[in-house]
Amino acid sequence: MTTAPPALDVRARTIGLVLALGGLMVTVDTTVAFVAVPAIVADLDSTLPAVQWVTSGYLLGVVAVVPVAGWAAARFGARRVYLLTLVVFTGSSVLAGLAWDAGSLTAFRILQGLGGGLLNPVGQAIALRAVPREVRGRMMGLLGLPVLIGPVLGPLLAGWLVDTASWRWIFLINLPIGAAAILLCAYLLPPTTDRTVVTRIDWPGLVLVCGGAVLLVLGCTLVGESGSMTGRTGAALGAGLLLLVGFGARTVRTDAPLVDLRLLRHPPLAAGLGVLGCFGAGYFGAMTVLPVYVQGVRGDPASLAATITIPMALAVGLTMQVATRLVDRVPPRRIVLSGVTLGLLGTLALLLATTSGASYPLIAAAGAVLGVGSGATLMPTMAVAVRDLENDDTARGTTLLALVQQLAGAVGGAVIASSLTLLVAERVPALATAERDGLAAMLALDPRSRARLEDSLALAVGGSYAVAAGFVALSMLAALVGLAARPNEDRTQTRGQRRTIRSR
């Protein structure tokens, strides 16, 4: 009979909840942006490809700063870095709310990404170092609370603000949350006791990974803007891939890499990266589709688009809380495989529901299935990947996971958005020849024209879920291959380590 792991003590719970408040800002900020995209396009008199960079710029800012998370925490102390990033994120949120055009909004969103990108990996490192291994799954579940609250609160608040006030307030709401998080963290987070001095940072490696990420996302975006694989698009994609390969080669040769790829020798971490990368590209990329479908295809308000996402958000949060706790008790392979399977079924259900003009309750139900799959995949996979790492390897592991997940989200979002643009141009060529780009013209349709084109628009916008389903299918393959070699190792190792801990 397996002994249940001990509960988190009051100190650990306090640390987890304080760190979760910072994570809540990041989660809310991510979810509200998807709902507000059509309103931003209209208010700034811009185009969808330009406003897409508001989202991609944020993710690229995250990619740029995530590789230095481990270095910064070791050099300056995790607590100090965490407080500084809270200040940067909160201040740049206010600036984003005051932006005057798409370019300035993109710049401020990149600055937001530079702050928000460090919050999760540094916060996770602080939390995991504060508790023993046997309760790290529970701590990860506590850190997952923002995923339960944020996706429900964020879209609802964003939809209401967009319909009744302005999209600008979706960024300004971070001010009171950020101020509270800064004060609480300043007083309650434990001081850093294991800081090590790092004399230099791998600047060439940082240039390689940032340049590669930007060019890769740019190439994926240019496919949608140009409608084909042009020489410029191919050059951007090729250069981006070469830079990322060069970054990987440099990482394994240098003594102080930004991201230590040698950690991939740890099988759970390697498998986790494969699952998170593919699933993250499909799941986070798919989040851009439903708001465009509701507001562009059916012409309904932003608040309704937000309401439809509530079942999926609740499913993600509730499932995550259960699944991350089960990681400490049952073989994680069962949890992750169940998650990716449900994620694939949910994505396929969204594909069928949106392209066939199904009712909103059916679309919401399909989204809930995807939400259950996501909740059983993302945080449990991260918990399994890093729970056996110790000391500085914990920070390096969380940094590597965060980098891959954010880069996958940026690339997946760009690929799915480009696919959506190409499908609209193919299904409704009249929109593609308008003065505005096809998606912006779709958002500006009058009710009579939208009703006439609704079937074609539904096939175009909903059809982009097929790309998301392809990514999720790859994550299932990664889970089957990466977690299949030693299916009983996790349970055996857990019992053995518990015996070691008790013997001490």
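Helices here are DSSP runs of H or I with at least four residues, strands are runs of E with at least two, and both are numbered from the N terminus. The model is predicted, so local features are reported at pLDDT of at least 70 and side-chain atom pairs at pLDDT 80 or more, whereas totals for chains, interfaces and linings use all residues. Residues are numbered from 1 along each chain as its sequence is written, and side-chain values use heavy atoms, with hydrogens and water left out.

Within H11, the buried residues (under 20% relative accessible area, with exposed meaning over 50% and partly exposed in between, for a 1.4 Å probe and protein chains only) are Thr233, Ala236, Leu237, Gly240, Leu244, Phe247, Gly248 and Thr251. They lie on the same side of H11 because they cover an arc of only 105° around the axis, the arc being that of the directions from the helix axis to the C-beta atoms. Gly231, Arg232, Leu242 and Val245 are exposed on the other side of H11.

Helix H4 (residues 78-97) has 20 residues and reaches 29 Å from its first C-alpha to its last, close to the 28 Å expected. Its buried residues include Val81, Tyr82, Leu83, Leu86 and Phe89. Helix H18 (residues 378-386) is largely enclosed by the rest of the structure, since nine of its nine residues are buried; among them are Met379, Pro380 and Met382.

Leaving aside neighbours within four places in sequence, Tyr82 is in contact (heavy atoms within 4.5 Å) with residues including Leu19, Leu119, Ile126, Cys185 and Leu189.

Cys185 counts as buried, at 0% relative accessibility, whereas Cys278 is partly exposed at 21%. A search of the whole structure finds zero disulfides, a disulfide being a pair of cysteine sulfur atoms within 2.5 Å.

| Pair | Separation in sequence | C-alpha to C-alpha distance |
|---|---|---|
| Ala179 and Thr90 | 89 residues | 7.6 Å |
| Thr288 and Ala417 | 129 residues | 7.4 Å |

Ala179 sits in helix H9 (residues 174-188) and is partly exposed, with a relative accessible area of 37%. Thr288 lies in the loop between helix H12 (267-286) and helix H13 (289-297), where, not counting residues up to four places away in sequence, Thr288 touches Phe34 and Ile416.

For the chain as a whole, there are 24 helices and zero strands, and 59% of the 504 residues count as buried. Among contacts between residues at least 6 apart in sequence, 84% join residues at least 24 apart. The chain exposes about 19700 Å², of which carbon and sulfur atoms supply 65%; accessible areas come from the Shrake-Rupley method with a 1.4 Å probe, and for residues only the protein chains shown count as cover.

Terms used:
Expected span 1.5 Å × (residues − 1).
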